[in-house]
Amino acid sequence: MTNKKNFWLILVIFSLVGQVAWVVENMYFNVFIYEMFNASAEQISLMVALSAVSATLTTLFMGALSDKLGKRKVFMAGGYIAWGITILAFSLIRKDIIGGFFGLSSAVTSVCITLVIIMDVVMTFFGSTANDAAFNAWLTDETDSSNRGKAEGVNAMMPLVAILVVFGGFMSFDLSIQSSWTLIFAILGVLVIIIGVLGFFLIEEKTQKVSENSNYFANIFYGFRPKVIKENKMLYFCLIAFAVFGISIQIFMPYLILYYTESLKMDNYVLIMAPAIILASVFTLFYGRVYDKFKFEKSVFPALLTLILGYVLLYFFRNTALVFIGSLLMMCGYLAGMAVFGAVIRDNTPPKKAGMFQGLRIFAQVLIPGIIGPFIGAGVLKNAEQIINNDGTTSFIPNENIFLSALIVAVILVVLLIFLFYFKKKKEIKK
């Protein structure tokens, strides 16, 4: 096991920088193709869905490969370097470069959107190999029931810290001009590469191969075997609940920044959101300890109710103060929920099988929510208000109905959890 000092350093820098990269992809790639190429809600939904498929398949195959080889370090460090290189490639997707290279004029916008979607899939492959498969398996290997909630609390708050870093960094950029995006991709790509290089020096490779993990193709589908499902019912129950939770989040998340800027006209949304992000990060850090003390059944409902209250405020109000409070509650519930689900899934993951189950985790966390959530969001926004751009094209304006749809799914999850816990206790009493 990695020494304590190095463990927390690796956890923080790999988790934070990885989440910064994911935040830019999940929240700002949509803004990128919207601002630069006037992408539609359907095109944004397609990009999110294909990225989700790429993340899931990558984690499934590369997680099993990591277990077979008994290695985490090379996949984490080498993966971050390759991830950074693909991020740098986005700085070349510009109308002037693509149009000049292919000799295109009218079709250049469509070609650029297509290239962004394709490169997003490629980038996701390397990012998921390094972060979703290797890093998460490493984190499971290096923690146990005594400190998993604390570690997961730190890990789960990183998306909010990453949002704060990204929001703060993006304040100095005009996102309506191409040169800003070129510099953003250059900075982010170099940062991710640096973390990958540091990983080769910081990570102690002590994971040993287990003989039963040697069959690569059997390992890939290990988590889908009926026998494995029967032996780990709680794990699969948690994965299903996690998928429903993720659907609720992904209904609104791809359109969140656009909602702030285009619908609410909050040009200063960074200054408004920053305090909310800081408070939510602190809340999430301590909420991991709530899980350690009270476990899943007593820690999941407060997180979900906080999320739901945030949705209610965001749906009904447009006032800046109430939007701030709603956003704060939404983010607290979101990150606390991520911490709780992440910890309970790790607690129920069979020993020495962490890599094999990372694919299933991503299946629940990314694939199902990444396809169903944005699809629902795009459907809700199908008849949204349209504006005409200077070049004659049209763009949609996200509205508050994305939060109503997310609220409905979250309520369904609460009801399902209540019934499932009731029947579980009833079964335990009979025993």
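# Helix packing, aromatic rings and a few buried residues

Trainee: At what angle do helix 5 and helix 6 pack?

Mentor: About 155°, with the axes of helix 5 and helix 6 11 Å apart. Axes are lines fitted to C-alpha atoms, for helices over the stretch in contact, and angles run from 0 to 180 degrees between N-to-C directions. Helices are DSSP runs of H or I with at least four residues, strands are runs of E with at least two, and both are numbered from the N terminus.

Trainee: What kind of model is this?

Mentor: This is a predicted model, where local features need pLDDT of at least 70 and side-chain atom pairs count only at pLDDT 80 or more, while totals for chains, interfaces and linings use all residues. Residues are numbered from 1 along each chain as its sequence is written, and side-chain values use heavy atoms, with hydrogens and water left out.

Trainee: Back to the pair. Are helix 5 and helix 6 roughly parallel or roughly antiparallel?

Mentor: Helix 5 and helix 6 are roughly antiparallel. The classes are: under 35 degrees roughly parallel, over 145 roughly antiparallel, 65 to 115 roughly perpendicular, the rest oblique.

Trainee: Which residues meet there, helix 5 to helix 6?

Mentor: Helix 5 brings Phe-135, Asn-136, Leu-139 and Thr-140, and helix 6 brings Arg-148, Ala-151, Glu-152 and Asn-155. Contact means heavy atoms within 4.5 Å. By class, that contact has three nonpolar, three polar and two charged residues. Nonpolar covers Ala, Val, Leu, Ile, Met, Phe, Trp, Tyr, Cys and Pro; charged covers Asp, Glu, Lys and Arg; the others, Gly among them, are polar.

Trainee: What's in the loop between helix 5 and helix 6?

Mentor: Thr-143 is found in that loop, between helix 5 (108-142) and helix 6 (148-170). Thr-143 counts as buried because its relative accessibility is 6%. Buried means under 20% relative accessible area, exposed over 50%, partly exposed in between (1.4 Å probe, protein chains only).

Trainee: And what does Thr-143 touch?

Mentor: Phe-7, Arg-148 and Ala-151, not counting residues up to four places away in sequence. A polar atom of the Thr-143 side chain also lies 2.9 Å from the backbone oxygen of Leu-139.

Trainee: New topic. How many aromatic pairs does a search of the whole structure find?

Mentor: The search finds 31. Rings of Phe, Tyr and Trp (its six-membered ring) pair if their centres lie within 6.5 Å; planes under 30 degrees apart are stacked, over 60 edge-to-face, the rest tilted. Phe-32 and Phe-37 form an edge-to-face pair, 5.5 Å centre to centre with 75° between the planes. Phe-32 is buried at 0% relative accessibility, and Phe-37 is buried at 1%.

Trainee: What about Phe-170 and Phe-173?

Mentor: Phe-170 and Phe-173 are an edge-to-face pair too, 6.3 Å centre to centre, with 75° between the planes. Phe-170 is buried at 9% relative accessible area.

Trainee: Which residues form one aromatic cluster?

Mentor: Tyr-28, Phe-29, Phe-32, Phe-37, Phe-90, Phe-167, Phe-170, Phe-173, Trp-181 and Phe-185.

Trainee: Now Ser-180. Where does it lie?

Mentor: In helix 7 (residues 178-202). Ser-180 counts as buried because its relative accessibility is 7%. Beyond its neighbours within four places in sequence, Ser-180 is in contact with Phe-173 and Asp-174. A polar atom of the Ser-180 side chain lies 2.8 Å from the backbone oxygen of Asp-174.

Trainee: Leu-202 lies in helix 7 as well. Buried or exposed?

Mentor: Buried, at 18% relative accessibility. Leaving aside neighbours within four places in sequence, Leu-202 is in contact with Asn-6, Leu-9, Ile-10 and Ile-13.

Trainee: How many of the residues of helix 11 are buried?

Mentor: Eight of its eight residues, 256-263, so helix 11 is mostly covered. Among the buried residues of helix 11 are Tyr-259, Tyr-260 and Glu-262. Lys-265 follows helix 11 and has a positive phi, near 60°.

Trainee: Last one. How do the axes of helix 12 and helix 13 cross?

Mentor: They cross at roughly 30° and come within 4 Å, for helix 12 (residues 269-316) and helix 13 (residues 320-347). That makes helix 12 roughly parallel to helix 13. By class, their contact has 34 nonpolar, nine polar and two charged residues.

Trainee: Where is the place of Ile-325?

Mentor: In helix 13. Ile-325 counts as partly exposed, at 37% relative accessibility. Ile-325 and Leu-314 are eleven residues apart in sequence and 8.6 Å apart in space, C-alpha to C-alpha.

Technical notes:
Polar contact = N/O pair within 3.5 Å; in protein donor to acceptor, adjacent residues only side chain to side chain.
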